[in-house]
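Hello,

Here is the structure for your files. My notes on it follow below.

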Amino acid sequence: MRISVHLYGVLRDRLPPAAKGRTTLELPDVATVGDLLATLGIERRVIVSINGRAHIPTKHILQDGDQVMIYTPVGGG
Amino acid sequence: MPHGYHGRILHVDLTSGALSIEQPEEKFYRKYMGGSAMALTYLLRGMPPGVDPLAPENMLALFLSVVTGAPISGQSRVTVAAKSPLTGCVGDSQAGGFFPAEMKFAGFDGIVITGRAPHPVYLWLHDGQAELRDATHLWGRVTGEVQDMLRHELGDDKIEVLQTGPAGEKGVRFAALMNMCSRANGRTGMGAVMGAKNLKAIVVWGNQRPSIADAAALKALAQWGATRLPQSDIAGLSKYGTSEVIGLNNADGGLPTRNYAGGVFEYYEALDGPTLYETLLRGAAQGRQERLGRDTCYACVVRCKRVVEKRDGPYLLDPTYGGPEYESLATLGSYCGVSDLAAVCKANENCNKYGLDTISCGATIAWAMECFENGLLTKEDTDGLELRFGNAEAVVRLTEMIGRREGFGDLLAEGSARAAQRLGRGSERFLITSKNQEAPAHMPQVKRTLAIIYAANPFGADHQSHEHDPAYAPYPERMAQIGLHDPQPPLTLNAEMVRYALVTQYAYSALDSLSVCQFVYGPAWHLYSMNQLTEMVRAVTGWDVSLYEIMKVGERRLNMLRAFNAREGIGREHDTLPERFFTRPLQGGPSDGYVLDRDEWQRAMDTYYAMAGWDVQSGNPTRPTLEALGLGWVADLLGL
């Protein structure tokens with residue numbers, strides 16, 4: 001399946017600068033949010049939002065066409 | 001000899017010009033540790049209730065802490081406290097930079113200022129000496145000029161200057177105190193208090209570094225932080241500064257847009273940290289921004305401060321004035337519907353140049369924009385400005401007009417709450433204020449415990465007074481250090497989240513008493529944990545201090561803040577939120593439809609006061625609670 005991924009903040013440094021944090025990934029037909037994070041090599045604590053719903057757990061199973069946003073928890077600043 | 005501090009507090013009576021040194025006992029330092037807690041002991045003891053914040057009787061207290069100036073990240077911060085001309089409540093604000101460490105090296109732990117000088121003066125502290133000098137020639141000048149003139153006059157470009165700008169001189173109610181022309185004691189109008197005292201600046205330099213009790217332990221902790229930083233959860237803060245938060249909050253639906261109408265700004269990428277990094281950061285055009293565009297505070301490896309520069313086209317940017325933080329980008333940007341990054345940086349520069357709190361300034365302009373959009377203000381009121389959301393030029397222009405109290409800027413210089421009162425026409429309904437202070441750019445509709453803290457915080461809506469909701473679940477080990485073990489689902493405001501708000505408020509209150517950076521030390525995503533903070537205080541002071549003791553300092557300070565307000569007749573009835581938080585659902589994005597439930601919030605507030613040991617009806621501290629904290633003297637002052 002294909003999913004679109006949008007990485008924010010320092011996470012976007014995992015992609016080439018021209019991508020501006022956006023990419024599309026091919027994943028096996030059955031894959032979880034945890035699998036996606038592993039594919040991207042993200043080990044730090046993040047918040048995952050899918051199709052506008054935030055705080056999706058790592059065991060959640062992805063669907064073809066999902067739009068996934070990944071960002072770090074925010075305190076003040 | 002104490003370790004970490006001098007045991008010397010300077011008292012300045014500006015009316016008579018008298019200077020004196022107080023040398024409190026060690027137990028005073030151990031009980032309050034510094035910063036805000038220490039400042040409040042002087043405000044409570046030295047000032048009666050009912051004082052006009054801009055009168056000579058108001059006290060202005062500047063405090064470092066027992067660890068300020070130690071060679072480790074995140075310790076160079078100063079608290080300024082006084083009665084606030086913006087809120088009428090206790091005022092309290094922190095800033096970093098090199099000034100705090102340099103003030104310690106000048107030989108002082110704190111300064112307590114009373115009275116009003118007969119003509120403008122500045123205070124010159126160096127190697128344990130203090131003197132007042134004439135500042136008539138500095139009056140009316142912007143911060144960059146004043147810093148240059150003082151460095152020239154004193155023959156040393158290493159001196160550090162904390163000053164009030166033209167805005168503070170003119171009594172702008174949200175005037176800031178600036179050091180390094182880019183670090184602000186921004187909130188609650190402390191610049192106006194200093195201006196009203198005819199005190200233009202405090203200038204410091206010295207070589208009096210207090211000893212460190214266990215230098216080897218401190219060095220090991222400092223090195224751990226430097227090594228850990230790239231893998232830590234503040235790596236993004238290090239690279240992009242707080243500007244990174246634009247994208248993160250927008251993704252969460254929590255980036256205030258057009259005066260809090262929504263939490264998603266369609267042009268957020270134009271303001272986001274990576275854009276700033278690639279375009280306006282000093283040296284970006286040559287790919288040298290890592291070297292030229294990042295700045296730091298004394299001895300800090302994080303280097304989260306930004307420096308912007310632009311030498312051509314509209315909105316030239318002077319690197320003297322640093323660069324914008326997240327709050328400035330949001331309040332002068334999305335809050336006003338503005339997406340022109342250079343304009344937002346220019347507005348930020350103007351705030352630093354005139355000495356204005358960027359949060360209150362941006363939010364006040366956003367309030368005026370909504371009034372204009374709804375026909376409550378016209379171009380006749382605004383000196384011809386077409387004050388619509390998105391008008392970048394108007395935002396830049398207004399920052400100057402407010403800083404000079406010029407034309408329509410004179411009304412906005414009062415802050416949005418007073419401006420609404422003066423304007424009338426139903427403009428109060430567009431206010432985003434608590435206790436007359438404009439809300440920062442973190443949204444209670446999205447992070448629900450902010451609904452408690454924005455309302456209950458004694459110095460008005462504040463985003464740095466507790467830990468935000470998303471940090472509870474991901475950091476179980478660190479949260480357990482302060483007794484928090486049970487994270488709740490997002491958008492929950494039950495008893496456990498009230499407990500989370502209160503306990504982390506004690507933690508953040510302790511950080512502001514130890515005068516340490518809330519990005520470097522804290523209970524969640526920070527570089528160092530609360531236990532490591534304890535290790536740091538032990539290494540610097542040699543005290544056998546515990547985290548329990550540090551948390552109690554935080555609780556003590558919070559109770560003193562509430563007690564100050566109680567004495568002014570300010571209690572629970574002033575712990576309010578903007579009406580529209582309960583009545584107008586957010587529009588668009590992941591937070592579409594989010595709105596606070598008034599009954600749920602009221603229950604949470606009841607629980608909050610009860611958990612804090614305060615009277616639930618009045619919201620005021622009780623004698624048993626104060627005595628349990630060793631604050632019986634405060635109960636006496638309150639007549640309890």
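**Sheet, helix and domains in chain B**

Strand β1 (residues 9–13) of chain B pairs with β2(B) in the antiparallel sense over five bridges; strands are DSSP runs of E with at least two residues, helices runs of H or I with at least four, both numbered from the N terminus, and two strands pair if DSSP finds at least two bridges between them. B:Leu10 has B:Ile21 as its bridge partner in β2(B).

This is a predicted model, in which local features need pLDDT of at least 70 and side-chain atom pairs count only at pLDDT 80 or more, while totals for chains, interfaces and linings use all residues. Residues are numbered from 1 along each chain as its sequence is written, and chains are lettered from A and ligands numbered from 1 in the order in which they are written.

The two strands belong to an open sheet of six, ordered β2-β1-β6-β3-β4-β5 (chain B), with mixed pairing. β2 (18–22) and β5 (90–95) of chain B are at the edges with a single partner strand each, so one side of each has no neighbour in the sheet.

Helix α15 (residues 358–373) of chain B is mostly covered, with 15 of its 16 residues buried (20 or more other C-beta atoms within 10 Å of the residue's own, C-beta atoms being placed from the backbone). Just after α15(B), B:Gly375 has a positive phi of about 80°.

Chain B is assigned domain 1 (9–205), domain 2 (239–438) and domain 3 (450–576 + 597–638), with bounds from an automatic or database domain assignment. The centres of domain 1 of chain B and domain 2 of chain B, taken over C-alpha atoms, are 26 Å apart.

Regards

Methods
A residue is buried if 20 or more other C-beta atoms lie within 10 Å of its own, exposed if 12 or fewer, and partly exposed in between; C-beta atoms are placed from the backbone.
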